[in-house]
Amino acid sequence: MAEYHLKGPLTDEDVTKLKIGDTVYISGECFTCRSRLQKYIFDENNVLPFDTENRNILIHNGPIVIKENGKWKLVSFMPTSSIRFEKWGAKSVSEWNLKMIVGKTTMGEETAKMMKDKKCVHVSPRSVSPNLWIDSIEVQDVFLYDELGRIEAAWFFKLNDLGPFIVDIDCEGNNYFDHLDKDIEHKKNEALNNLGIDDSFEFTKLY
Amino acid sequence: MIKTEAYEKALFETIKRGATEISPDVKTAFEKAIEKETILDAKKGLLATLDSMEMSKERENPLCVDTGWPIFYFKVGNNCELEGGFMELENAARRAVAKATELGYLRATMKHPLTGYDPGNNIGMNIPDFTYQFVDGDFIEMSYAAKGGGSECFGGTRHRIVAFADGIKGIEKFVIDSFVASARAGAVCPPSVLGIGIGGTANVAANLAKEAACLRTVGSKHPDPMFAKIEEDLYKALNSLGIGILGAGGDTSVLAVNVEYAYTHIAGIACATSTNCMVARRASSRIDADGTIKKMVSPNWFGDR
């Protein structure tokens, strides 16, 4: 498992070398997104009010940002679960030309397929440690604040070696968690057997 | 009579403490998990999480960016008298939540379920949520719990009626299957505090599960050996699966398994689960009849456990 320190905007070369299980730290410019932004753009047919060509890292996150002495101040940050945005995942990757999505959990098969086609990865945090991260994030700007609200607006962040994150979907369409699932399933059956619940157990059907 | 000023002050302090300070029992559970963790990346993740949580107290910022559903539990002495009555207690709790949101201790997370309207203060229809328990005495104890979106939205809260024909095996199979599905890829933010409610109607079981997840002291055991054995068996079983912190692999998948029960109908056993995320945020305070406010280290919702 290799460790990489990447700087955005990311290139195909930057991301194709990443394999599931690798560790990455990220620098450069990115934007945040939750479901209201994707719904606003893809379901309600609005135009994204900024260019993602040089900002091709998306973080699924609803940060706490306050205004202090006329400047934005990041109070807390933690990537949120990507899987709930699967509906718009493939579209986001292709239409926004993303090279990396940062989020808790992972994305589904459709997004992973698009990531393989377009050369994009998904990375996931290994801790809940906002205080170890906020000093590595500079708030640059915000878009759609009035339309989507403070939490779900698109925030522009500049990252300074933010991490560590684990690569959970690589450009070959492999998913780290799928691999782990097989092992967990095997151990689950062992644990059930140890409790006297054998493989043939079936719930009495009540409904 | 306890003055409005006293309980409003206590409510605000309790919310702020719950949002920004790790509970001592959760901290102990983290330290134990760090000590026994054999997967290096998982150990680093647990350490980073604990470090960040300790920094929150100093920086007075939220333990996690998702500050959750605001939920209050009141254990009320039967002779407790509050200025303005209990409706004013709930109004004061709403004011305290709004103030904590304005000051950045809580994120404005609560929104309208259909329109997505964000009131900006975490106050809306049936939110915050209030639960009461009545006991002898003239005091009031209050607990604030923040139930995170991850822990609640990805199947960490489930319910099934188990037939008496399936008994404990059925209950344990339901719990293990549910937890594995909900913890996939770290969705419910494991290592979890897993609450299990057994018996009652479905909503009684679900409430017991939530209270067991949010209000039991982490590391405590049920006093009835039958239920303590289920807790211990499931704790061992779930920690043998290798799910680990945020589901990326590790030795600790649950910080605790807490079971609470109610008598049930001869027709079946309602069984519910509720996971609390690893930061397991809560805080409690007590106000005596003379208005003295004391911080409590544990909610005391289930007596000494």
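In β7(B), which residue is the bridge partner of Val193(B)?

Modeller: Asn276(B) is the bridge partner of Val193(B) in β7(B). First, the ground rules. This is a predicted model, in which local features need pLDDT of at least 70, side-chain atom pairs count only at pLDDT 80 or more, and totals for chains, interfaces and linings use all residues; side-chain values use heavy atoms, without hydrogens and water. Residues are numbered from 1 along each chain as its sequence is written, while chains are lettered from A and ligands numbered from 1 in the order in which they are written.

Now the strand. β7 of chain B spans residues 269–276. Strands (E, at least two residues) and helices (H or I, at least four) are DSSP runs, numbered from the N terminus. Two strands pair if DSSP finds at least two bridges between them. Strand β5 of chain B (residues 192–198) runs antiparallel to β7(B), joined to it by six bridges. The pairing of Val193(B) with Asn276(B) links these strands. Strand β4 of chain B (residues 158–162) is also antiparallel to β7(B), with five bridges between them. There, Val162(B) has Ile269(B) as its partner in β7(B).

Next, burial. Buried means under 20% relative accessible area, exposed over 50%, and partly exposed in between (1.4 Å probe, protein chains only). Eight of the eight residues of β7(B) are buried. In a regular strand, side chains alternate between the two faces of the sheet. Both faces of β7(B) are covered. One side carries Ile269(B), Cys271(B), Thr273(B) and Thr275(B). The other carries Ala270(B), Ala272(B), Ser274(B) and Asn276(B).

Further along chain B comes strand β8 (residues 282–287). Five of its six residues are buried. β8(B) pairs with strand β3 (residues 140–147) in the antiparallel sense, over six bridges. Ala145(B) meets Arg282(B) of β8(B) as a bridge partner. β8(B) also pairs with strand β9 (residues 293–296), again antiparallel, over four bridges. Here Ser284(B) has Met296(B) as its partner in β9(B). The hairpin of β8(B) and β9(B) has five residues between the strands, and Gly291(B) takes a positive phi near 90° there.

Aromatic contacts come next. Rings of Phe, Tyr and Trp (its six-membered ring) pair if their centres lie within 6.5 Å; planes under 30 degrees apart count as stacked, over 60 as edge-to-face, and the rest as tilted. The structure holds 24 such pairs over all chains. Phe74(B) and Phe130(B) count as stacked because their ring centres are 6.2 Å apart and their planes lie at 15°. This pair links distant parts of the chain, 56 residues apart: Phe74(B) is in strand β1 (residues 69–77) and Phe130(B) in strand β2 (residues 129–135) of chain B. Phe74(B) is buried, at 0% relative accessible area. Phe130(B) is buried too, at 16%.

A charge sits over a ring if NZ of Lys or CZ of Arg is within 6 Å of the ring centre and within 35 degrees of the ring normal. Arg55(A) lies over the face of Phe156(A), 3.7 Å from the ring centre. Lys67(A) has its charged end over the ring of Trp72(A), at 4.4 Å from the centre.

Last, the salt bridges. The term means a side-chain nitrogen of Lys or Arg within 4 Å of a carboxyl oxygen of Asp or Glu. Over all chains there are 33. One of them crosses between chains. Lys188(A) bridges to Asp177(B), with the closest N and O atoms 2.8 Å apart. It runs from helix α7 of chain A to helix α6 (residues 167–183) of chain B. Lys188(A) counts as buried because its relative accessibility is 9%. Asp177(B) is partly exposed, at 21%. Within chain B, Lys27(B) and Glu54(B) form another, with the closest N and O atoms 3.0 Å apart. That pair spans 27 residues, from helix α2 (residues 24–36) to helix α3 (residues 40–59). Lys27(B) is partly exposed at 26% relative accessibility, and Glu54(B) is partly exposed at 36%. Finally, salt bridges with shared partners join Glu185(A), Lys188(A), Lys173(B) and Asp177(B) into one network.
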